[in-house]
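Work through the exercises below with the sequence and the 3D view open. Each task is followed by a solution in steps.

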Amino acid sequence: MVVQQRAYPQDELAARLRMLQELSGRGVRALARDTGLSSSSLSRYLNGQTVPPWPAVLELCRLVKRDPRPLRPLWERANNPLPAPPKTSRQVAPPNLPAEAVPPRNDLPRDVPDFTGREKALTEVLAAVRTNRVVAIDGMAGVGKSSLAVHAAHQLTAEYPDAQLYLDLHGFTDGRQPLDPDAAVRALLSALRVPSEKVPQDGGVELRAACWRSELAGLRAVIVLDNAVDAAQVSQLLPGAGESVAIITSRNRLLELDEVPPVTLDVLTPEESAELLVRASGDSRGPDGRLAREPEQAAEVLRLCGNLPLALRLAAARLRHRPGWSVGILVERMAEGATEFDTAFGMSVRQLDRDQRRLFRLLGLVPGSTFTDYVAAAVADVPLRAARDMLEDLLDAHLVEQPAEGRYRLHDLVRRHARQASAEHDTDADRERALRRILDYYVHTAAAADAAMPFLSPTRPVSAGPAPKAVPHFPNRDVAFFWFVSEYTNVMAVFYAAVEIGANEHVCELPRFLRTFFARRCGTTHLNALFEQSLSAAQQLGDPRQLAEAHSDLGFARYNAGRMAEAAAAYAAAASLVAEAGDPLPRAELTMRCAQLRWDEGDVTEPLELFRQAHDLYTRSGCPMSAADALAGEAWAMLQLGKRDEAADLAGRALDISADDPDQPPSLQAQITLGVSIAPDEPEAALRHLDSALAAARADGHKHNEAWCLNCRGVALREMGRYDEALDSHREAFALLDDLFEPHWKIHFLNGYAETCRLAGLSDEALRLYNETLDLAPRLGYRFEQARANEGIADVLDDTDPAAAQQHRAAAEELLRELSPST
């Protein structure tokens, strides 16, 4: 089936505006200057990316003395575009938004307006997609594989309306490792708006790839997998069942994908190259055009560009923006280069001033796939305003691309040229200083974003490098979280770049500012790997403070992953170093972490003293909210020991501390503990506290905390005798835990759920949950939960099997004696 393309008023308006430009005889810069418009904005108007305001259309018409009134109806239609095709399949909506409110995800780069030639190749690609659902486009660098893939994907949008996804696999990005399949699958799942709690965090890439195929199976989507290094990189990313299609590009023929038909792309024909040069340069097609007047020089341009679309476009851009140049001048500038690519790139770079050339060279050092104006300012060590102005000039010169508002990137070939130019013109010391400025920027910005997302412990100041001239402002948690989401792949690239060059201070500190984000989005597996690198860096530094915090942070990551013995070893290694440092804040944090660990291991006396010590240390450090969390930890322990009055008193004191600072949220643990403690006597007040905690956890996007709140709400409802509501709350909590793919978290909730089932008369279900606890607790080291499970089984079996009940009760008593002889 051939899709009939619709003509959009925005494209028609852009074509009419380009006619006005031709009448003016001016390049974009000159036209912008004479109309008082921004050159970058004008370029977007002429290319159809943006509908100009009506005063801008008036200025263009005034300049060429044309009546603007005939353009008014077209301008009005462009401001009210044709509706999108109707949805025919389900849409994936982010949490808390109705599906109909979310438009289909479209990550495709803009289709080039002067796409030239490739009719045969385009026909082959579309036929292969419709027949086999997957096609692989291969060919040499710069030959136009990505342009063809994107062009084909745009033509397929109407047939595959649910999502149009694009992922650069960086198979041939100079100075960067190809995107590994696991990171690629995670990026695609994120683009498809799959909630992170549905994505398996353990079990290898195969599980996440299966999740990707499952989510894709119900959609009609087109996916462009650009710049694959080999078949292994993409084999896990291809659609499975369903109707979705994929277009792969690679410089290599992907022979191992024998079921995927290939389309090999060669350079353009001389005729196509000449056509592209004319169209991209905006040159007149008549005998008076520069290219027609200088046919020999025009042929030399084609030769120097090697009939490669990328090189042709860069050369054409010089002609378009230099109306005073002859084609001969263009040839002279291009002939100074070393290769077909570098002639075009070098020619464009030589049109820049010294500061712009320096920025361009240094941008080649940026580790991430994209960058912002803040990163550009940091790498060049210039004010933000200057960086933005220079980026506009680099955009005009087609040396920088802007795939999205406020985000920039270098094409792989342009990046290679920039890195080569930097190696030639900048000293090794200059290059290292530039890279370290990028590292400084990301550590300081991550710290600022982390400070806007409150965590249990206070944010520590950054010591890894000086603060950059400018960092983004994070007025609230949502803005900070969005920064982490959008910069995640870049932050990871920066972290591993720091590892590679031995920037140990940055390796130590960056993961600390990612803990809050990881708790809400990325699970525990990757965080453990980052902190392992941090510990290695701290050992190389030999700084006792950094080493102490690295051991403590790694222990915290191990604890959250359910690796209790490893957490205990890490905390023990940190303890002596923290004591030597004499700083009460790191000591308070380690004490709090040890209290949580010792409680979960089953000790019922030492943790109480540790929580009290942490409270005193936090108070001395001037951290009242952390002191409140320490009180809440002690209150929670008291509640588990059945001391309701003491628990309620401690939780109330913690909430009183929180109330003194209206800008800080109340302690979640204190709200939960107080709600459960008073549930039998004050049910309405108890539910107010618990519902407030649940709403806060949901607003924070912390699924583990949401499950905790729901489970404790079930316990409170059980205490009120409202068993059906209690069971519903428990079940909702466990449904969340199942989606998190971190089964060790269930150990905190199983006994409470089982007890509700027992009292509700669901003895078989209660026994199943208690036995699940007995299976999980010894493996994780949660001996107190193991004792409680034995007690619960004994209570269930008292009437039906007294002998077995006695055995379980004896096992519980023995465990409790081991944990604390005084209990």
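**Exercise 1: a helix pair**

Helices α37 and α38 are roughly antiparallel to each other (angle over 145 degrees). The model is predicted, so local features need pLDDT of at least 70 and side-chain atom pairs pLDDT 80 or more, while totals for chains, interfaces and linings use all residues. Residues are numbered from 1 along each chain, and side-chain values use heavy atoms, without hydrogens or water.

Task: At roughly what angle do the axes of α37 and α38 cross, and which residues meet?

Solution.
1. Find α37 at residues 763-780 and α38 at residues 783-797.
2. Their axes come within 9 Å and cross at roughly 155°.
3. For contact (heavy atoms within 4.5 Å), residues of α37 including Leu767, Tyr770 and Leu774 meet residues of α38, among them Ala789, Ile793 and Val796.
4. By class, this contact of α37 with α38 has ten nonpolar, six polar and two charged residues.

**Exercise 2: a second pair**

Task: Are α8 and α9 roughly parallel or roughly antiparallel?

Solution.
1. The axes of α8 (residues 181-191) and α9 (residues 205-217) come within 9 Å and cross at roughly 30°.
2. That makes α8 roughly parallel to α9 (angle under 35 degrees).
3. Among the residues in contact are Val185 and Leu189 in α8, and Ala209 and Trp212 in α9.

**Exercise 3: one residue**

Task: Is Ala519 buried or exposed, or in between?

Solution.
1. Locate Ala519 in helix α24, residues 515-521.
2. Its relative accessible area is 23%.
3. Ala519 is therefore partly exposed, the class between buried (under 20%) and exposed (over 50%), with a 1.4 Å probe and protein chains only.
4. Ala519 touches His702 and His704, leaving aside residues up to four places away in sequence.

Key
Axes are lines fitted to C-alpha atoms, for helices over the stretch in contact, and angles run from 0 to 180 degrees between N-to-C directions. Helices (H or I, at least four residues) and strands (E, at least two) are DSSP runs, numbered from the N terminus. Angles under 35 degrees count as roughly parallel, over 145 as roughly antiparallel, 65 to 115 as roughly perpendicular and the rest as oblique. Ala, Val, Leu, Ile, Met, Phe, Trp, Tyr, Cys and Pro count as nonpolar, Asp, Glu, Lys and Arg as charged, and the others, Gly among them, as polar.
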